[in-house]
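Student: I have a model open and want to learn how to read its features. Can we go through them one by one?

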Amino acid sequence: MTFVTTFNAYAALERGQPLEPFEYTPKALGPTDVEIEVINSGLCHSDISMVDNEWGMSTYPLVPGHEVVGTVVGLGSGVQTLQEGDRVGVGWQSNSCGRCEWCRTGEENLCGDMEGTIVRGRGGFADRLRVDARFAVPIPTEYPSAYAGPMMCGGITVFTPMVEFGVRPGMKVGVVGIGGLGHLALQFARAMGCEVTAFSRSRDKEEEARSFGAHEYVATKEDEDPFAGRARSLDFILNTVSADVDWNPFLDMLRPKGTMAQVGFPDDPQISLNFVSMLFNQSRFAASPIGSPEMLRRMLEFALLHDIKPQIERYAMSELNEAMDRARAYRQRYRIVLER
Ligand code: NAP
Ligand code: ZN
């Protein structure tokens, strides 16, 4: 085992501040923990929200990075599922109570006492991190490290609601917001055999969205009447937008018994919905958090089978602040990966 006593990370020392090199002494390696040497880490919009304390749960110094790919370099005394040298991925969740009904039935992402990789712990913008071994998920050998990171949060967050809310071949699926999450959602929906419509603000992303699998493309801020003729046309709508939007025209697009699932975080969590079309259509508004370790395994297998991978921009971890500025301005196409 090659334990080190100091981890070299990048941290925001205060709310909204640029990241700075930051050394820390990790918590003791518990019997169920693993130590991981980081290969790379994706940059999710939630990292920016956490640096800015948008959700009131950030503590500083804050080390972001929750789409981590790395190699197991240390094992707690009780870990039997992993070995040194295994290549693993870590997403938003780094631990859970392990005892509640959700943990016992493999839905740890629904545990009421979950530990976030960057909420109670320190994340992957670092040379190493320690997490509970259940949340270090083996990456299939054939799946490249550079692509695996963005799947650990971006990918799983869109894959899980499609599975949980019953997306099936032949369904008509809309994806709103074509960013890190959205561009993966287009690929998953297409591979699941759906007819896919991308909703983006402008026409800029049309060609790429079609290459990811969209059959149709709607520019909500540029098309003359973007929602005309689309009432009752979609079985499932996935909202990945990280801003306040009028969701009512989207609700009206649901077919009877359809589901609109929210995974993006608007600035204001109090959203206003007109339920009338939902009542007449027996349709649903839903939301969904990340996904379980078991779902991560299923998603990686599915991604491998269908050649689903993020379109990435590579940065050295030392160029982190430049990368964060680019993601803040929504200019990245479509996921930034920070490499050590
Ligand atoms: P991202 O790459 O920045 O993409 C967000 C997309 O939202 C943008 O590409 C843009 O799409 C659209 N958008 C941004 N500002 C907008 C505005 N003012 N009006 C309308 N659309 C706007 O972000 P991401 O990493 O995919 O994350 C998306 C959201 O999911 C974030 O809020 C993040 O915190 C959240 N998230 C949730 C979970 C969960 O467990 N539920 C997990 C991960 C992330 P267009 O350019 O195509 O319009
Ligand atoms: Zn994330």
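Student: Is Gln 282 buried or exposed?

Tutor: Start with the cut-offs: buried means under 20% relative accessible area, exposed over 50%, and partly exposed in between, with a 1.4 Å probe and protein chains only. Gln 282 has a relative accessible area of 53%, so it is exposed. One caution on the source: this is a predicted model, where local features need pLDDT of at least 70, side-chain atom pairs count only at pLDDT 80 or more, and totals for chains, interfaces and linings use all residues. Residues are numbered from 1 along each chain as its sequence is written, chains are lettered from A and ligands numbered from 1 in the order in which they are written, and side-chain values use heavy atoms, with hydrogens and water left out.

Student: Where does Gln 282 lie?

Tutor: Helices (H or I, at least four residues) and strands (E, at least two) are DSSP runs, numbered from the N terminus. Gln 282 sits in the loop between H7 and strand S15 (284–287).

Student: What is the phi of Gln 282?

Tutor: The general idea comes before the case. Most residues other than glycine have a negative phi, and most peptide bonds are trans. Gln 282 is not a glycine, yet its phi is positive, about 50°. Lys 257 is not a glycine either, and has a positive phi of about 70°. Lys 257 belongs to strand S14. With a relative accessible area of 58%, Lys 257 is exposed.

Student: Which peptide bonds are cis?

Tutor: One runs from Tyr 60 to Pro 61, with omega near 0°. Pro 61 is in the loop between H1 and S4. Another cis bond runs from Arg 333 to Tyr 334, with omega near -5°. Tyr 334 is in the loop between H9 and S17.

Student: How many salt bridges are there?

Tutor: The rule asks for a side-chain nitrogen of Lys or Arg within 4 Å of a carboxyl oxygen of Asp or Glu. By this rule there are 20 salt bridges. One of them joins Glu 67 and Arg 335, at 2.7 Å from N to O. This pair links distant parts of the chain, 268 residues apart: Glu 67 is in the loop between helix H1 (45–51) and strand S4 (68–75), and Arg 335 is in strand S17 (residues 335–339). Glu 67 and Arg 335 are both buried.

Student: Where do Arg 297 and Glu 294 lie?

Tutor: Both are in helix H8 (residues 293–305), three residues apart, about one turn of the helix. Arg 297 is partly exposed, at 36% relative accessible area. Glu 294 is partly exposed too, at 43%.

Student: Which parts does the pair Arg 326 and Glu 313 tie together?

Tutor: The two side chains meet in a salt bridge, 2.7 Å from N to O. Arg 326 lies in helix H9 (residues 320–328) and Glu 313 in strand S16 (residues 312–316), so the pair ties together parts 13 residues apart in sequence. Arg 326 is partly exposed, at 22%. Glu 313 is buried, at 16%.

Student: Which residues are linked in a network of salt bridges?

Tutor: Arg 203, Glu 206, Arg 210 and Asp 223 are.

Student: What is Leu 129 in contact with?

Tutor: Contact means heavy atoms within 4.5 Å. Leaving aside neighbours within four places in sequence, the contacts of Leu 129 include Phe 7, Val 34, Ile 36, Val 68 and Thr 117. Leu 129 is in strand S8 (residues 128–132). Its relative accessible area is 0%, so Leu 129 is buried. Ala 9 is 120 residues away in sequence, but the C-alpha atoms of Leu 129 and Ala 9 are 9.2 Å apart in space.

Student: Is Gly 112 buried or exposed?

Tutor: Exposed: the relative accessible area of Gly 112 is 81%. Gly 112 lies in the loop between helix H2 (101–104) and strand S7 (115–116).
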